[in-house]
Amino acid sequence: MATIFIDQERHTARDGENLLQECLALGYDLPYFCWHPALGSVGACRQCAIKQFKDEHDTRGKIVMACMTAVREGARISIHDAEASAFRASVIEWLMINHPHDCPVCDEGGECHLQDMTVMTRHVYRRYRGRKRTFRNQDLGPFVNHEMNRCIQCYRCVRFYRDYAGGRDLDAHALRNHVYFGRHADGVLESEFSGNLVEVCPTGVFTDKTLKRHYTRKWDLQSAPSICVHCALGCNTVPGARQGTLRRIHNRYNGAVNGYFLCDRGRYGYEFVNAPTRIRTPLMRRQRGEALRAATRQEVLAQWRALVDRGAKPIGIGSPRASLEANFALRTLVGAQRFHLGVSDAEHTLLESALALLRESPARVASLREAEGADAVLVLGEDVTNTAPMLALALRQSVRQTHMKIATKLHIPHWDDAAVREAAGSAKAPLFVAAPIATKLDEVATRVFHDAPDEVARLGFAVAGAIEGRKAHRVPDTSDATQALADEIAQALVAAERPLIVSGCGSQSVELLRAAASVAAALCAKGHSAQITFALPECNSGGLALIEGKRLGAAIEALRNGDADTLIVLENDLYRRAGQAAIDALFESAHQVVVIDHTASATSARADIVLPAGTFAESDGTLVNNEGRAQRYFQVFVPNGDVQGSWRWARDLLAAADRGREGDWANLDAIIGACAAAIPALAQIVNAAPGAGFRLAGQKIAREPPRYSGRTALYANVNVHEVQVPADPDSPLAYSMEGYPGEPPPPLIPWFWAPGWNSVQSVNKFQAEIGGALRGGDPGVRLIEPAGADGGAHFDTVPQRFAPRVGAWLLIPLHHIFGSEELSALAPGVRELAPQPYVALNPDDADMLGLAAGELACVDLDPAPCRLLVTRRADLRRGMAGVPVLPWLHFAALPAFAKITKAEASRVEAE
Amino acid sequence: MWSSIRTAWTIFLHMFRRRVTIQYPEEKPYIPPRWRGRIILSRDPDGGERCVACYLCAVACPVDCISLQATEDEHGRRYPEFFRINFSRCIFCGYCEEACPTYAIQLTNDFEMGEYDRQNLVYEKEDLLIDGPGKYPEYNFYRVAGLAIGGKDKGEAENEAPPVDLKRLLP
C-alpha cells in the first residue's frame with residue numbers, strides 16, 4: 001500500500017496499480033473510455049487526464065494519463081485541476097464531433113458510458129458545425145446490432161473480442177478518422193462471447209438485437225439477482241422484465257464466478273421464458289384418450305385429492321434444471337425412497353462419480369476466477385467451449401499467466417496491456433487439450449490430442465503415472481508418442497504453481513473423470529496445490545447429485561411391478577433421458593401422470609395433470625454449480641394466472657393430500673430451512689443469500705429503479721385504478737420502486753447503478769477493490785471443500801485401448817453451444833445458430849462408405865435408427881463418428897457402437 | 001356597527017366595477033397559446049409520426065402517467081407500438097414536452113376534458129395523435145439523426161458526409 005495525495009487529500013492506494021483504477025476505487029469520478037478492469041490500460045482515449053506534481057512545492061505539475069501512471073509512494077495528483085478538467089472536456093468534445101444525434105433512438109441511451117462521461121466532463125453544447133462522418137452498418141447475426149456512426153474509436157471492442165476472447169472475425173479496418181470496427185463482410189460473429197460487446201462498447205455501436213425487438217430502457221426494467229440456467233457454471237445474471245415479459249439478460253458481476261462477462265447462450269437464451277411453448281394454465285384430462293384441456297387450480301387439485309383418496313402410490317422424478325427447493329419439495333411429497341433423479345442412466349453414474357471424486361479429491365474445486373489464474377491446464381475429454389463456455393474464456397486467460405510472469409520480470413505492470421503483450425510475444429502458459437474431436441480451445445493450446453474417449457482417459461492416467469513416477473502406475477500398452485506427450489504434460493503440470501485439471505460429462509465417460517481426478521491427486525500427493533473442475537451437464541446437476549435419489553430405471557421398474565401407480569414429473573422431458581419405447585412404457589404403466597413444468601414437451605403431452613411452473617424469472621430458488629457453489633436466484637416478475645414456482649405446486653399437492661404439518665412451508669425460507677435440515681450436504685445453502693426477513697434501515701430492496709416509469713398508465717387500459725403492488729413473502733426484494741436507496745448486500749444487488757454512472761461501468765462502485773470481490777464478499781457458498789487426506793487416485797480403472805470395429809463406429813455425442821441445451825434452444829436467435837442434425841465421419845471412413853458431405857447416412861442408433869446428413873471431419877479418428885446433442889433429436893445412449901450405411905437413394909427421395 | 005356599514009358600502013361600490021366573470025361555457029375564455037392543456041402527439045412536416053418512442057416523456061413524468069412500448073418498422077424507423085396517457089393522473093406540468101427530443105409531445109390550450117367515468121380519461125395513441133406538426137412546424141428528427149430509415153440512407157441527413165468507403169486506400 002502507498003500513501004498518495006489526491007487534490008491535497010491523503011489516501012492509501014495499492015502500490016503499482018494504475019492511478020485511474022485507484023481513483024475510482026477511492027470513490028472519485030474520473031472519466032475514461034479505453035480502460036476496462038478486465039482488459040487493462042492502453043492509454044488510447046486520453047480521457048482520464050489528471051495533473052501530477054513532483055512534490056508539495058510543485059504548483060505547475062504536468063498532465064498525465066491516469067490509466068498509464070502507476071501509483072507510487074507519496075504521489076501527488078489533482079483530478080479537479082482546472083487545466084486537467086479543461087483537457088478532459090476538450091477530449092470529449094473532440095470524441096463527440098462525429099457522434100450522431102441518435103440518443104432518442106439509441107438502445108444504449110440511459111445506460112450509456114459516453115453519455116455519463118459527457119455529463120461528467122460538462123460538455124454541453126456542440127461547437128462543431130462541419131459535416132459528420134458516416135459509415136454503413138453490418139449485419140452481425142441474431143445477437144448483436146451494429147450502428148457504426150456512433151463509434152468513438154476507443155478500441156475496446158477489438159481488444160475484448162480478439163485479445164481477450166480470442167475471436168478473429170472482428171477487427172479495426174481503414175485508417176485515421178475512418179477507422180471502422182466490424183467484420184470483413186456481413187455475417188454472424190463467430191465468437192461465443194460476442195454478446196459482451198454490448199456491455200464492453202461504451203456507446204451504442206454494439207447493442208442487444210433481441211432487446212431491440214421489445215425495447216425497454218434500463219430505468220424501466222424490473223430486475224432481480226439471478227443465476228444463468230443454461231449450463232452448470234452458474235454465472236450471475238440480471239434479467240430485466242417489463243409488462244410480464246423478460247426483456248434481456250445483463251451480466252451481474254461476481255468476482256469468483258463470471259466476472260464481467262457472459263457467454264452468448266447465457267445472454268440470449270432467455271427468450272424461452274416468452275416462448276409460445278410456455279405452459280400458462282393448469283391442464284388436465286378426465287380420462288386417458290381425452291385431450292388435455294385448461295382447468296382451474298381448484299379443479300386440478302381436486303382431481304389430485306381424489307387420486308390420493310383412492311390410495312394412489314406416487315413416485316417422483318426430479319430434474320437437473322429445477323432448483324434445489326423444487327426437487328426437495330417433490331422428494332418430500334413422494335418420500336426419499338420414491339424420489340428419482342430424472343437423468344439418463346449414464347448421466348446418473350457420471351454425476352455420482354463426479355460428486356464422489358470431487359468430495360474425496362485433495363485438490364480444490366476451482367472457481368472460474370481460479371481457473372483464469374491457473375498457470376498450467378490439462379483439459380481431458382471435454383469440449384468446454386460448447387459445454388461450459390465461460391470456462392473456455394477463463395482458460396483463454398490462463399494461457400496469459402506466462403505473459404504476467406514475463407512482465408513481472410521486466411518490471412512491466414500487469415495492467416499495461418499493450419506493453420505486456422508486446423513483451424510476451426507469442427509465449428503462453430501450457431494448456432493441453434485432449435479431446436475426442438478438435439475444440440475451439442485447440443488454437444491456444446500447447447499440444448492437442450484427438451482420440452477416442454478411452455484413449456484420452458488413458459492419456460490422463462499416463463500423466464498421473466508420470467507425475468507419481470511409480471512403475472506400477474504406468475499405463476500398459478501405451479505408445480511411445482503418447483507416453484512422451486504424457487511426460488511432457490506431467491512436467492508442465494509439476495512445474496506450475498497453480499495447475500488445473502479440467503474434465504467433464506460431455507464425453508459421457510466416467511473413466512475420463514477418474515483420470516482427471518487421478519492427475520489432480522497425483523499432483524497433490526507431490527505437494528502441488530492442484531485444482532480440478534468438471535463441466536457438469538445442467539444448471540443444477542450438482543445440486544441434484546447432492547440431494548441423491550434413485551435411478552430412472554428404478555422408476556420404470558416400480559411402475560411396471562405395481563409398487564407405484566402415479567408418476568409426478570418435475571421440470572423434465574423424460575424423452576431426453578431414455579429411449580422412446582422405455583418412456584412410452586413408463587407412461588402407459590402409470591395410472592396417472594402429473595407434470596410440473598414451465599414449457600410444453602413430449603412429456604407434458606403425455607400427462608393427465610399439468611401444473612404451470614415458473615421459470616427462473618418467475619420463481620426463486622437455489623442452484624449448485626459445478627464448483628459446488630450454492631447460489632440463490634430471485635423472482636424477477638410476477639407471472640399472470642396460476643403460474644408459480646415448482647416447489648409451491650409440490651407444496652399444494654402435499655396440502656391437498658392432507659399430510660399434516662409436513663411440507664407446511666410458508667415461504668422460501670421455510671423450505672430452504674427444511675431442505676438444509678433434511679440433507680446434511682446442503683446445510684450451508686441457508687447462507688447463500690439473506691432470508692426474506694432481511695431489511696436495510698427497515699426497508700426492502702427495490703426491484704425497480706427509482707425512475708421506473710408508467711406506474712399509473714401501464715395497465716390503465718385494463719383498469720384506471722392502479723393495482724396494489726404484489727407482496728413478496730419469499731425474499732427481501734420488493735416489486736416496487738420503493739426500497740432502501742443505498743447499496744444492498746452482494747447476493748441481493750438487483751442492478752448496478754451509482755450516481756453519475758448509469759452504465760454497467762457502475763460496477764466499479766460496488767467492488768471492494770476494482771476487479772476483485774464485491775464489497776461484502778462474492779455471492780454464493782461453496783459446499784465442497786478439498787479433502788485433506790491423500791487419495792483420489794484411481795489407477796485400478798484404466799480403460800482398455802480403443803479397438804475400432806469393422807462395420808460399426810463408436811458414436812460419440814458432440815455438443816454445441818447453440819442448440820445442445822434444451823431451454824436456450826427455444827430462443828429464436830439460439831435456434832437460428834443451432835446446427836442441422838448430422839453425423840460426423842472421418843473422410844477416409846466416409847469414402848469407404850461412399851458418402852460425400854451433405855449426403856444422407858443411415859445410422860443404426862439404439863433404440864431407433866435415424867438418417868442424418870454427413871459431415872466430414874478430419875480431426876475425428878477412424879472408427880469413430882459423432883452426432884450432435886440436440887433436443888429435437890431422439891434420445892440415444894452414447895457413446896455406443898452403431899452401424900452406419902449409405903441411405904438408399906429411393907428412400908432419400910421418399911423423405 | 002361601523003365595520004358592517006363599511007362592508008356594505010364596499011360591496012355597493014363593486015356594482016360599478018368591470019365584470020371579470022364570464023358566462024362559461026356559453027362564452028369561451030381566452031387561453032394563451034402556451035397554455036399547458038390536453039397533451040397531443042404531433043407529426044413531422046412529412047406526415048410521419050414524430051414520436052420515436054425514446055421513453056423520455058415517460059421517465060420525466062412526475063406522476064408516471066405516460067407509458068409506451070417502442071417498436072420499429074421494417075426500415076428501422078422507431079415509433080410507439082402503443083402510447084398511453086392516464087389523464088386522470090396527469091398534472092399538466094409540461095415536463096414531458098420539455099423532455100421530448102423530437103417535439104412530438106406537446107401541450108395544447110384545450111382543457112375541456114371532463115368525464116363522468118374516470119376510465120374515459122385514459123387516452124391511447126389514436127386519441128393523442130394529430131395530423132399536423134403542432135407548435136413546431138419545421139422540425140423533423142430523422143433529418144438530423146444518424147440512423148438510416150426508409151427514404152433516408154446513411155449520409156443523407158443534415159450535415160452528414162457520404163458513408164466512408166472502407167476499401168479506399170487514399171490517405
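Residues are numbered from 1 along each chain as its sequence is written, and chains are lettered from A in the order in which they are written. Because the model is predicted, local features need pLDDT of at least 70 and side-chain atom pairs count only at pLDDT 80 or more, while totals for chains, interfaces and linings use all residues; side-chain values use heavy atoms, with hydrogens and water left out.

**Stop 1: a helix in chain A**

Select residues 453-468 of chain A, which form helix α16. Helices here are DSSP runs of H or I with at least four residues, strands are runs of E with at least two, and both are numbered from the N terminus. From its first C-alpha to its last, α16 reaches 23 Å, close to the 22 Å expected for its 16 residues at 1.5 Å a residue; the expected span is 1.5 Å times one less than the number of residues. Is this helix buried or exposed? Of its 16 residues, 14 are buried, so the rest of the structure largely encloses α16(A). Buried means under 20% relative accessible area, exposed means over 50%, and partly exposed lies in between (1.4 Å probe, protein chains only). Select G469(A) next: this residue follows α16(A) and has a positive phi, near 75 degrees.

**Stop 2: a threonine in helix α6**

Select T210(A), which lies in helix α6 of chain A. T210(A) has a relative accessible area of 0% and is therefore buried. Its side chain makes a polar contact with the side chain of Y270(A) at 3.0 Å. A polar contact is a pair of N or O atoms within 3.5 Å; within protein, one must be able to donate a hydrogen and the other to accept it, and residues adjacent in sequence count only if both atoms are side-chain atoms. Leaving aside residues up to four places away in sequence, T210(A) touches P142(A), F143(A), Y268(A), Y270(A) and E271(A), where contact means heavy atoms within 4.5 Å.

**Stop 3: salt bridges within chain A**

Select R242(A) and D220(A), which form a salt bridge with their closest N and O atoms 3.9 Å apart. The term denotes a side-chain nitrogen of Lys or Arg within 4 Å of a carboxyl oxygen of Asp or Glu. R242(A) lies in strand β13 and D220(A) in the loop between α6 and β11, so the pair ties together parts that are 22 residues apart in sequence. Both R242(A) and D220(A) are buried.

Now select R183(A) and E190(A), whose side chains meet in a salt bridge at 3.7 Å, N to O. R183(A) is buried at 8% relative accessible area, whereas E190(A) is partly exposed at 49%.

**Stop 4: where the chains meet**

Display both chains. The contact takes 48 residues from chain A and 45 residues from chain B. Together the chains bury about 3900 Å², 52% of it on carbon and sulfur atoms; this is the accessible area (1.4 Å probe) that the two parts lose on being put together, summed over both.

How many salt bridges are there between chain A and chain B? The count is six. To view one of them, select R78(B) and D107(A), whose closest N and O atoms are 2.6 Å apart. R78(B) counts as buried at 1% relative accessibility, and D107(A) is buried at 5%.
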